[in-house]
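Student: Can we go through this one together? I have some questions about how the chain is put together.

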Amino acid sequence: MRFILMLLLHFICIITACAQRTDSLHIEIGSMATLASQEYQPLWLVANRWGTIADWKGDASTHLRLSNYHRWGSRDSISSSKTRKTFDHHKKKARALYLTYGLDLYNNQHFDDFFLEEAYLKIGYGPWELRGGRYEEVIGEGDPELSSGSLSLSSNALPIPKIGIAVTEYTDVPFTQGWLQFKGQFSHGWMGSNRVVSHTYLHQKDLYLKLGKEQLSIYTGLTHFALWGGEHPRLGTLPQSFTDYIRVALIIKGGEDAPITEAMNKLGNHLGMTDIGLRFRWKAWHGTLYYQTPYEDRSGFLPSRNPDHLAGISIRKKHGLLNAITLEYMDTRKQSGSVHPPGLDNYYNNGLYGTGWVYQGNTLGTPLFLTRSRGQQYFGEEVSSSSWNVINNRIHGFHMGVSGNFTAHLQYRTLLTYTQNYGNYYNDALFQPYKKQVYFLQELVYTQDRWTLSAALGVDRGSLTDNTGGALGISYDLSDALKKNKHNSFTRE
């Protein structure tokens, strides 16, 4: 993967240097400082930030972001002042061949840790896309800026290096006149060496169907992830041939060389979620009602056996003092029941793949589930001997997120979450009685010309932790200055 990333960085530098059309070139440098009353940060100051903020008492995070976009078959250009979201929206709507690439280099932990949050290359036509590298991706129809986080794949952890093919937006099914649309993807990823089973592979696929038109539609989606292969500390190399890959993709039993549990059940650690909902548009507002159900096996996949869910509503408009609101209700206490079979699904955990649905120390789904490392910050050594990496996955709670504009330059975002935490079925004693907790975030962002300033306050109060922290950030957009230099040096078409 290091070799692949080096090739990707080299390719990006060549394209950036040689490209004649640089209207879409976006370069930004920024830094954020954090400080907390405890030895770790309040939840919403580190969660759902792509794993870029160190969970330390105090730290500074600096980054350099570069992204670019080229399109063939159209004379339209994109101003460099546009955001990356605008790039993505623009390339999807334009039915033309495009190439987009980027990297985001971070440094934190007192200037000791350098890492790439993103380094990707994407080639596509309209909504169809081939892609590879580290790239940000959230699965679920909720608002990623205001939601507590998707139950399958959220913005809580560093992006996993992957290659894959995707239909990135809802696309008409032939002969349905736009009444039936689909989107989805099929990917292969590498989980790295910092795991109980090192060099584990990731298999990922999802499919969403939408019925209806822009004003009112219903959708249903199914996501599937599987951790497989790798080097187990006791069992050695786990099955990882191409035949084993087919077994994982089709969710069938392992072969004769598989561990006994995988030979009897399914090869790999499988998990995912079902996602159903309704999308609507009314005047300037558009919104989504969604209902996500997690699963770890067949029992959790059946709604009759698994009432656990994340239910929410998200509505948004373009401008205003209040331009977006998200309300969510979560209940994951049942996990298909407290006996086996069919229960004890134990979300994000697995007996063979001990790290579970966690990457670089952060859960890949909802950040409200508590990992062993963060549990040690709350409870000390009481949880150090836990056999499960996710010690708290039975949650009952409510979440609210709102955002808007005080002025044309000043935006705000507010998150408020209340949870009752029941641990998991294997550590009831630690969470008896259940632990009540409140997480709060208030964030302000001021933009002027090429400067962006941000300030945030995070407060955690309850039976898990009492913590207060703050963050200050600043970033500068170099794109326009570089564009002027390009104009002075080259004759543009």
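Tutor: What follows is a short walk through a predicted model.

Student: How many helices and strands does the protein chain have?
Tutor: The protein chain has 8 helices and 24 strands.

Student: And what share of the residues counts as buried?
Tutor: Of the 493 residues, 53% count as buried. The chain exposes about 23100 Å², and carbon and sulfur atoms supply 61% of that area.

Student: Among contacts between residues at least 6 apart in sequence, what share joins residues at least 24 apart?
Tutor: That share is 63%.

Student: Which residues have the most contacts inside the largest nonpolar core?
Tutor: Trp-44, Trp-357, Leu-364 and Phe-379, in a core of 63 residues. Strand 9 gives the largest share of this core, 5 residues. Another core, of 6 residues, lies apart from it and includes Leu-66, Leu-103, Leu-116 and Ala-119.

Student: What does Leu-364 touch, not counting residues up to four places away in sequence?
Tutor: Leu-364 touches Ser-152, Leu-153, Ser-154, Ala-157, Ile-160, Met-191, Trp-357, Val-358 and Tyr-359.

Student: Now helix 4. Which of its residues are buried?
Tutor: In helix 4, residues 242–250, the buried ones are Asp-244, Tyr-245, Val-248 and Ala-249. They are on the same side of helix 4, because they cover an arc of only 140° around the axis.

Student: Why would residues three or four places apart point the same way?
Tutor: An α-helix has 3.6 residues a turn, so residues with that spacing point the same way.

Student: What do the buried residues of helix 4 pack against?
Tutor: They pack against strand 7 (180–190), strand 8 (201–212), strand 9 (216–228) and strand 12 (269–282).

Student: What is the phi of Ile-251, which follows helix 4?
Tutor: The phi of Ile-251 is positive, near 60°. Most residues other than glycine have a negative phi.

Student: Which residues does the cis peptide bond join?
Tutor: The cis bond joins Gln-432 and Pro-433, with omega about -5°. Pro-433 is in the loop between strand 21 (410–421) and strand 22 (435–448).

Student: Switching to charges. How many salt bridges are found in the whole structure?
Tutor: The search finds 15 salt bridges. One of the pairs is Asp-104 with Arg-65, whose closest N and O atoms are 3.0 Å apart. Asp-104 lies in strand 3 and Arg-65 in strand 2, so the pair ties together parts 39 residues apart in sequence.

Student: Is Asp-104 buried or exposed?
Tutor: Asp-104 is buried, with a relative accessible area of 0%. Arg-65 also counts as buried, because its relative accessibility of 17% is under 20%.

Student: What about Glu-141 and Arg-279, how far apart are the closest N and O atoms?
Tutor: They are 2.8 Å apart. Glu-141 is in the loop between strand 5 (128–134) and strand 6 (162–172), and Arg-279 is in strand 12, 138 residues apart. Glu-141 is buried at 12% relative accessible area, whereas Arg-279 is partly exposed at 29%.

Student: Which residues are linked in a network of salt bridges?
Tutor: Glu-129, Arg-131, Glu-137 and Lys-162.

Student: Back to prolines. Where does Pro-367 lie?
Tutor: Pro-367 lies in the loop between strand 17 (362–363) and strand 18 (370–371), and it counts as buried because its relative accessibility is 8%. Leaving aside neighbours within four places in sequence, its contacts include Leu-43, Trp-44 and Asn-156. Pro-367 and Ser-150 are 217 residues apart in sequence and 9.0 Å apart in space, C-alpha to C-alpha.

Student: Last one, the surface. Which residues make the nonpolar patch of about 690 Å²?
Tutor: Trp-72, Leu-97, Ile-123, Tyr-125, Leu-130, Ile-165 and Phe-186 make the patch. Trp-72 is in strand 2, residues 58–72, and counts as partly exposed at 47% relative accessibility.

Technical notes: Residues numbered from 1 in each chain as written. Predicted model: local features only at pLDDT ≥ 70, side-chain atom pairs only at ≥ 80, totals over all residues. Heavy atoms only, no water. Patch = residues over 30% accessible without salt bridge, like charges linked within 9 Å, V, L, I, M, F, W, Y side chains within 5 Å. Areas by Shrake-Rupley, 256 points an atom, 1.4 Å probe, with all protein chains shown as cover. Salt bridge = Lys/Arg side-chain N within 4 Å of Asp/Glu carboxyl O. Helix = DSSP H or I, 4+ residues; strand = E, 2+ residues; numbered from the N terminus. Buried < 20%, exposed > 50% of the residue type's maximum accessible area, 1.4 Å probe, protein only. Contact = heavy atoms within 4.5 Å. Arc of directions from axis to C-beta. Core = buried A, V, L, I, M, F, W, Y, C linked by side-chain atoms within 4.5 Å.
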